[in-house]
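This report goes through one protein model, element by element.

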Amino acid sequence: MKSGFVFNIQRFSISDGPGIRTTVFMKGCNMRCFWCHNPESQELHPQIQLFPQKCIGCLKCVKICPHHAQLFEQGKRIYLRSLCVNCGKCAEVCNSQALVLIGKEMTVSEVMEKVTRDLPFYKISKGGVTFSGGEPLEQADFLRALLIECKKQNIHTAVDTAGNVSWEEFEKIIQYTDLFLYDIKCMDNEKHKQATGAENIRILENLRLIQSAGFQNEIWIRIPIIPGINDNEEEAKKVVNFIREFKGIS
């Protein structure tokens with residue numbers, strides 16, 4: 001059974017596609033948008049997240065850390081991330097949840113066990129499951145396996161993507177995806193690179209390829225409004241002129 005890295009499964013989501021949905025947030029992203037609201041999703045592997053205000057100074061993490069990444073010196077809480085290997089042992093003994101391991105490896109069956117708990121809600125609201133991140137297509141094989149299982153149970157599927165992957169990755173999942181929530185952050189390539197660390201050429205081309213692939217996927221364009229990047233009339237016109245050439249895009 002295929003497995004992958006997930007950092008959150010959010011039930012009763014109403015903003016990631018139609019109806020009541022479960023959103024599966026997957027680890028890994030190949031972009032670095034400066035406004036990212038899920039920075040804990042960027043690395044593919046699990047990571048330790050520290051909430052220093054919750055620390056009660058019990059020193060359990062200091063005693064158990066095999067790499068001396070957790071320290072308590074002169075009354076100060078110190079976390080040396082450069083020494084941390086994200087083994088999660090400190091989080092296991094942290095009763096106050098000042099240390100939390102973000103992300104875990106899950107099998108397809110483990111994810112589906114959580115997803116299928118809300119089958120009645122999907123049916124009555126015409127909802128389903130949305131795979132987000134991070135960039136879910138960074139784990140395209142795992143994503144494909146999850147989508148196939150959803151389709152076996154007649155669950156509506158959505159993939160929330162920035163589109164910055166090879167077309168070969170899209171080919172793995174396109175026939176099992178009912179809806180793409182597709183980000184267009186900026187039409188100006190240089191501004192896009194400045195804001196996200198990546199060019200937009202491949203992103204725009206993949207949208208064209210989805211449209212021409214013949215699977216009749218529904219597409220919702222999502223545009224985050226970023227001050228100084230795309231919050232102007234010129235940029236808005238460029239986006240409108242670009243998506244005008246497509247049919248069935250919302």
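In which loop is Cys84 found?

Cys84 sits in the loop between strand 5 (76–79) and helix 2 (89–93). Helices (H or I, at least four residues) and strands (E, at least two) are DSSP runs, numbered from the N terminus. The model is predicted: local features need pLDDT of at least 70, side-chain atom pairs count only at pLDDT 80 or more, and totals for chains, interfaces and linings use all residues. Residues are numbered from 1 along each chain as its sequence is written, and side-chain values use heavy atoms, with hydrogens and water left out.

Cys84 counts as buried because its relative accessibility is 18%; buried means under 20% relative accessible area, exposed over 50%, and partly exposed in between (1.4 Å probe, protein chains only). Leaving aside neighbours within four places in sequence, Cys84 is in contact with Ile48, Ala69 and Tyr79, where contact means heavy atoms within 4.5 Å. Ile48 is 36 residues from Cys84 along the chain, and their C-alpha atoms are separated by 8.3 Å.

## Ile78 in strand 5

Ile78 belongs to strand 5. Its relative accessibility of 26% makes Ile78 partly exposed. Apart from neighbours within four places in sequence, Ile78 is in contact with Ala69, Gln70, Leu71 and Glu73. Pro52 is 26 residues from Ile78 in sequence, with a C-alpha to C-alpha separation of 9.1 Å.

## Helix 3

Helix 3 covers residues 108–115, and its buried residues are Val108, Val111, Met112 and Val115. Seen down the axis, these residues fall within an arc of 95°, so they line one face of helix 3. The arc is that of the directions from the helix axis to the C-beta atoms. An α-helix has 3.6 residues a turn, so residues three or four places apart point the same way.

What do the buried residues of helix 3 pack against? Their partners are strand 1 (3–13), strand 2 (21–26), strand 7 (104–107), helix 4 (119–125), strand 8 (128–132) and helix 5 (140–152).

Helix 8 has 12 residues (201–212); at 1.5 Å a residue it should span 16 Å, and its end C-alpha atoms are 17 Å apart, which agrees. The expected span is 1.5 Å times one less than the number of residues. Buried in helix 8 are Ile203, Leu204, Asn206, Leu207 and Ile210. They cover an arc of only 160° around the axis, which puts them on the same side of helix 8. Ile201 and Ser212, on the other side, are exposed. The cover over the buried residues includes helix 6 (167–173), strand 10 (179–183), helix 7 (189–196), strand 11 (218–222) and helix 9 (233–243). Just after helix 8, Gly214 has a positive phi of about 90°.

Trp167 lies in helix 6. Trp167 is buried, with a relative accessible area of 17%. Not counting residues up to four places away in sequence, Trp167 touches Ile174, Asn206, Leu209, Ile210 and Ala213. Asn206 and Ile210 are among the buried residues of helix 8. Ile203 is 36 residues from Trp167 along the chain, and their C-alpha atoms are 9.6 Å apart.

## Backbone features in loops

Gly134 is in the loop between strand 8 and helix 5. The peptide bond from Gly133 to Gly134 is cis, with omega near 10°.

Which residues other than glycine have positive phi? Gln97, with phi near 60°, lies in the loop between helix 2 and strand 6 (99–102). Asn154, with phi near 55°, is in the loop between helix 5 and strand 9 (156–161). Asn154 counts as exposed because its relative accessibility is 72%.

## The whole chain

The protein chain has 9 helices and 11 strands. Its C-alpha trace spans about 65 × 45 × 30 Å along the principal axes. Of the 250 residues, 45% are buried. Among contacts between residues at least 6 apart in sequence, 67% join residues at least 24 apart.
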